2 protein chains.
Amino acid sequence: MRVSFQGEAGAYSEEALRTFFPDVDVLPCATFGEALTAVADGQADRAVLPVENSQAGSITETYDLMLQHQLWAVGEIELRVRHCLLALPGTALASLRTAHSHPQALAQTAEYLARNRLEPVAERDTAGSARMIAERKLAGAAAVASRTAATRYGLEVLAEGIETNPDNRTRFLVLAREPVVPHTAPRTSLALALKNEAGALLAVLKPFADAGINITKLESRPSRRGSWEYVFYLDVDGHHLEPPLWPALEAAAKHCQWLRVLGSYTKA
Amino acid sequence: MRVSFQGEAGAYSEEALRTFFPDVDVLPCATFGEALTAVADGQADRAVLPVENSQAGSITETYDLMLQHQLWAVGEIELRVRHCLLALPGTALASLRTAHSHPQALAQTAEYLARNRLEPVAERDTAGSARMIAERKLAGAAAVASRTAATRYGLEVLAEGIETNPDNRTRFLVLAREPVVPHTAPRTSLALALKNEAGALLAVLKPFADAGINITKLESRPSRRGSWEYVFYLDVDGHHLEPPLWPALEAAAKHCQWLRVLGSYTKA
């Protein structure tokens, strides 16, 4: 089994996928598109991509790519993002001058860095900062990155959970070429475009409500070029080939220009 | 009039606010929270903050802060983000070696940079990269930043619109201490928490559908700590103190734990 993800080895996406697939080969990819293409082409068996973050919201690009590629969501992972301060083994915190990371990670740990008088230095990504410090043996420099990056590059974790806001979670979907049948706690992700008629949204949601089906995500996509397209992303409880979800999907689809099942999987 | 925003002078947020307020003093702030606090405290009259991007989706942090602060949305700005390549005046493109910017801007312009053999170098932000090149008179270095940053730091625009995906737009809200009455094309932003009862979402949406009120954004907020809170962000057509929106809001509020009007404003 080989699993693709976006980022360098040791990225938070790798940390997420290791909680789901503890012992697999990984394929780091430069972009979300490359990670998906790797699965479509058979270079990888699964891709793990982020779909939403508790602070930044939904990641539209992942949904756009899922609609372009004929892949299925077959799993869900929720990662509590815990930023760590990494340095060469044996380094004392007091001897550090700079902290290297992606600007978003630097911003999320700004209070800790200021308190410890560490000058933030922007880099392309979190794991790449860790790799740089390990390869160049930079003594006065730390990286803000994942625990997985520390293991990967032989660095020491000097502090863990240094983010200002502890509610920092990212939700990932596991994507594959074939769908799976989830055995427990099934959830289904959908994308749909409403028919351009009054009350279409209400008509689409009613079959789910009538059947007592829980909607756990509902999101309209940002309008494109001023003309509103009414594309929605929904997560609902249940498996898409079984009642009560299946008949509800049939009823809802009547009020959609198109409705696509992105996949059913066991809830994280 | 003084307007706060997040970022350095010359950031895309400043470019956005200059399309709305052509001739005002600006107050660059390090964080979204500082930009809002500046308005709450009276140091600024308005804050301009991004709420969604066509590629990255909604910016949850802005909504969270709007709920914390008692500020009103009084305007909407849509900015087509056009990345520019900036360098010292008189520089030839062929003499450039590196391109400095925020990793997100570097990723969005990766194809252009590769084609022109410019090595990407990560920095804290787009405008800060422009400032650095101007202050240090770096001859072989370019910045990927806004046209506003070029003006601000006396740099030359060597190329404009260098992003791979031309559909890169960001939507901003203008926030103030007091609400306004929009005279044309009113839109209203709402936040609400559903009552924990079956069919609550449908019951909340029905009054809008019955009154023929267009819903232009509908988004559930990412779940917090596993327990789903059912908080939704909605944009609807109309002014919140006038029919048909006002009675629809009254009817919808009966099925909410709380419903907060974030403000009514003229559509961008």
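Q: Which residue stands opposite A:His100 in β9(A)?
A: This is a predicted model. In it, A:His100 faces A:Ala143 of β9(A).

Q: How do I read the pairing of strands β7 and β9 of chain A, parallel or antiparallel?
A: Strands of a sheet pair through backbone hydrogen bonds, and the two directions are parallel and antiparallel. Here β7 (residues 98-101) and β9 (residues 141-145) of chain A run parallel, joined by 3 bridges.

Q: What is the strand order of the open sheet in chain A?
A: Read it across the sheet: β8-β7-β9-β6-β10. That is 5 strands with mixed pairing. β8 (119-122) and β10 (156-160) of chain A are the edge strands, and each pairs on one side only. From one strand to the next, the twist averages 30 degrees.

Q: Which strands does helix α6 of chain A lie across?
A: Helix α6 (residues 126-136) lies across β6 (84-87), β7 and β9 of chain A. Its angle to β9(A) is about 150 degrees.

Q: Which domains does the assignment give for chain A?
A: Domain 1 covers 2-80 + 168-176, domain 2 covers 84-160 and domain 3 covers 186-266. The centres of domain 1 and domain 2 of chain A are 24 Å apart, taken over C-alpha atoms. Their contact takes 10 residues from domain 1 and 14 residues from domain 2. The domain 1 side has 3 nonpolar, 3 polar and 4 charged residues.

Key. Residues numbered from 1 in each chain as written. Chains lettered and ligands numbered in written order. Predicted model: local features only at pLDDT ≥ 70, side-chain atom pairs only at ≥ 80, totals over all residues. Domains from an automatic or database assignment. Contact = placed C-beta atoms within 7 Å. Nonpolar A, V, L, I, M, F, W, Y, C, P; charged D, E, K, R; others polar. Pairing = 2+ DSSP bridges. Helix = DSSP H or I, 4+ residues; strand = E, 2+ residues; numbered from the N terminus. Axes fitted to C-alpha atoms, helices over the stretch in contact; angles between N-to-C directions.
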